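Colleague: Please take me through one part of this model at close range, starting from a single strand residue. Then carry on to whatever else is worth checking by eye.

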Amino acid sequence: MDSLDSGAAAQEELGLRTVESLEDLGDSLRRLRRRHARRQRDALLSYRYLAEKTGYAHGVIGGYFSGKVLPPPDKLDVLIDLLGVSPAERREFARVRDAIEERRRRPTMAQAPQRERERLARAGTGRPPPEAVAASGFLYELLTRSGKYRARWRTKLVSGAGAHVAIADVIAEYLAARAPAEPPQDPDRLRRRVVRALARGGPETALTSTVLEWFIEAFGVEREDADRLRFLYTGSSSIRYVRGDAEETKLPIFDAPEARHRTVDMREYHYLGPDGLPAVHRTDQIVEAVVDGLDRIPYMADTAMLTVDVQNGGIPSPLYQIRASDGNVYYALDILLERPLLRGDTAVLNYTTTFSYPEPPPAEVRRGFRRKVDSYMLWVRFHPEMVPTSVWWAEWDGVTGGQITRREPVELGPELETHRFLQGGAAQAVVGFCWEW
């Protein structure tokens, strides 16, 4: 009887009995974190500490605790175990987490009319909904980049038929195996649904939850990729994918060999000084070699007034100039890796850039991506002596002299900081923050 009572009391303490939404789950996780600190008579475990212990991304953990991101079951178990849950509490966390996921997949009848009104309103604009565009873009990237998903449909390629037909054949095969008693899908209709699902923002873009699940099941999409697709489709504000519309002519193009690496993950931390100028910029980057013998990673900036300190992963070369096809001069150095990498090997780089601008640069920090980066986070902190009046997350159509094509206002946190996490990554895009003093 005591164990039952103590279990009920613990659930009350963590608020698990009243969890109905993702925000409620985040509140219960924050309560658990505070309880752990009280029991240990110590400070709250930081998100960075939890990231180091679990191996999860710092920004993702912040999303879990803020109630913006639904943790996968296995990641939730690891996280709450670190914070000292009992077996009964672990089961209750699993129950409420699964209930939230179920509600998200099956909207209630009360939600449906509003969603239908929103769908009709969007239809009048001729533009596909942004969540469908985001999910479509990430789905396209998954199926076209090297790996098992692309290999799956390439086995179905027939001369003259095209990739969409091959992809539709994979889905048709899955549907036939799932329900052999049902009549097969009309091939032309299925191909059209595939074309619309992979249109990536074109006016014909259309992706339903049913079709999305067909792709996930037919291609055996791994849990992490599947979670990203579902988060994007439901319009998550914290997990996004940006397939930008930056103009090729406004992205710096250099007379250089094809990239010998890809960036798996990049986190940037940008600090402004009391004069409002960039002071320090820290970068954490995970790269994967796409060729054998990768021995260096290029780093570029728009000014020579900087120093680069590599704390982990290699040593910096001397700074040199490089001219892009648009005539602009950039400054570059190579981070010489500690050892050459074979294809598929990864390396972790941590480096800090310190700036000394002779005159104020534009009130912004932005990063351009020609090729896909799988995961990206940009964090900015302002100095208490120089606080902006307004801050926006923005996308530009180019790196040098580009115009803002989209922007949305953001609020600064208690320490005058803000961040944006693109767990779905970014490609062909220029993204960042801009502000006004």
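**A strand residue and its surroundings**

Modeller: Start with Val 308, which sits in strand S5, residues 306-312. Keep in mind that this is a predicted model. The relative accessible area of Val 308 is 14%. The cut-off for buried is under 20%, so Val 308 is buried. Now look at what touches Val 308. Setting aside residues up to four places away in sequence, the partners are Tyr 299, Pro 316, Leu 333, Tyr 351, Thr 352 and Thr 353. For a distance check, take Val 280. Val 280 and Val 308 are 28 residues apart in sequence, and their C-alpha atoms are 10.0 Å apart in space.

Next, go to Thr 418. This residue belongs to strand S14, residues 417-422. Thr 418 has 8% relative accessibility, so Thr 418 counts as buried too. Beyond the neighbours within four places in sequence, its contacts are Leu 378, Trp 379, Val 380, Val 391, Val 410, Glu 411, Leu 412 and Phe 433. Two of those names lead on to aromatic rings. Trp 379 is joined with Tyr 269 and Tyr 271 in a cluster linked by ring pairs. Phe 433 has a ring partner of its own, Trp 393.

The structure has nine aromatic pairs. In the pair of Trp 393 and Phe 433, the ring centres are 5.1 Å apart and the planes meet at 70°. Over 60 degrees counts as edge-to-face, so this pair is edge-to-face. The two partners come from distant parts of the chain, 40 residues apart. Trp 393 is in strand S12, residues 390-396, and Phe 433 is in strand S16, residues 429-436. Trp 393 is buried at 4% relative accessibility. Phe 433 is buried as well, with a relative accessible area of 1%.

Leu 416 lies in the loop between strand S13 (404-409) and S14. Its phi is positive, about 60°, although Leu 416 is not a glycine. Arg 41 also has a positive phi without being glycine, near 55°. Arg 41 is in the loop between helix H2 (22-40) and H3. At 79% relative accessibility, Arg 41 counts as exposed.

An α-helix has 3.6 residues a turn, so residues three or four places apart point the same way. Just after H3 comes Gly 55, with a positive phi of about 85°.

H10 (residues 163-178) packs on H12 (residues 209-218) at about 85°, with the axes 9 Å apart. The range for roughly perpendicular is 65 to 115 degrees, so H10 and H12 are roughly perpendicular. From H10 come Ile 167, Val 170, Ile 171, Tyr 174, Leu 175 and Arg 178, and they meet Trp 214, Phe 215, Glu 217 and Ala 218 of H12. Eight of the residues in this contact are nonpolar, two are charged and none is polar.

Definitions and conventions:
Residues are numbered from 1 along each chain as its sequence is written. This is a predicted model: local features need pLDDT of at least 70, side-chain atom pairs count only at pLDDT 80 or more; totals for chains, interfaces and linings use all residues. Side-chain values use heavy atoms; hydrogens and water are left out. Helices (H or I, at least four residues) and strands (E, at least two) are DSSP runs, numbered from the N terminus. Buried means under 20% relative accessible area, exposed over 50%, partly exposed in between (1.4 Å probe, protein chains only). Contact means heavy atoms within 4.5 Å. Axes are lines fitted to C-alpha atoms, for helices over the stretch in contact, and angles run from 0 to 180 degrees between N-to-C directions. Angles under 35 degrees count as roughly parallel, over 145 as roughly antiparallel, 65 to 115 as roughly perpendicular and the rest as oblique. Ala, Val, Leu, Ile, Met, Phe, Trp, Tyr, Cys and Pro count as nonpolar, Asp, Glu, Lys and Arg as charged, and the others, Gly among them, as polar. Rings of Phe, Tyr and Trp (its six-membered ring) pair if their centres lie within 6.5 Å; planes under 30 degrees apart count as stacked, over 60 as edge-to-face and the rest as tilted.
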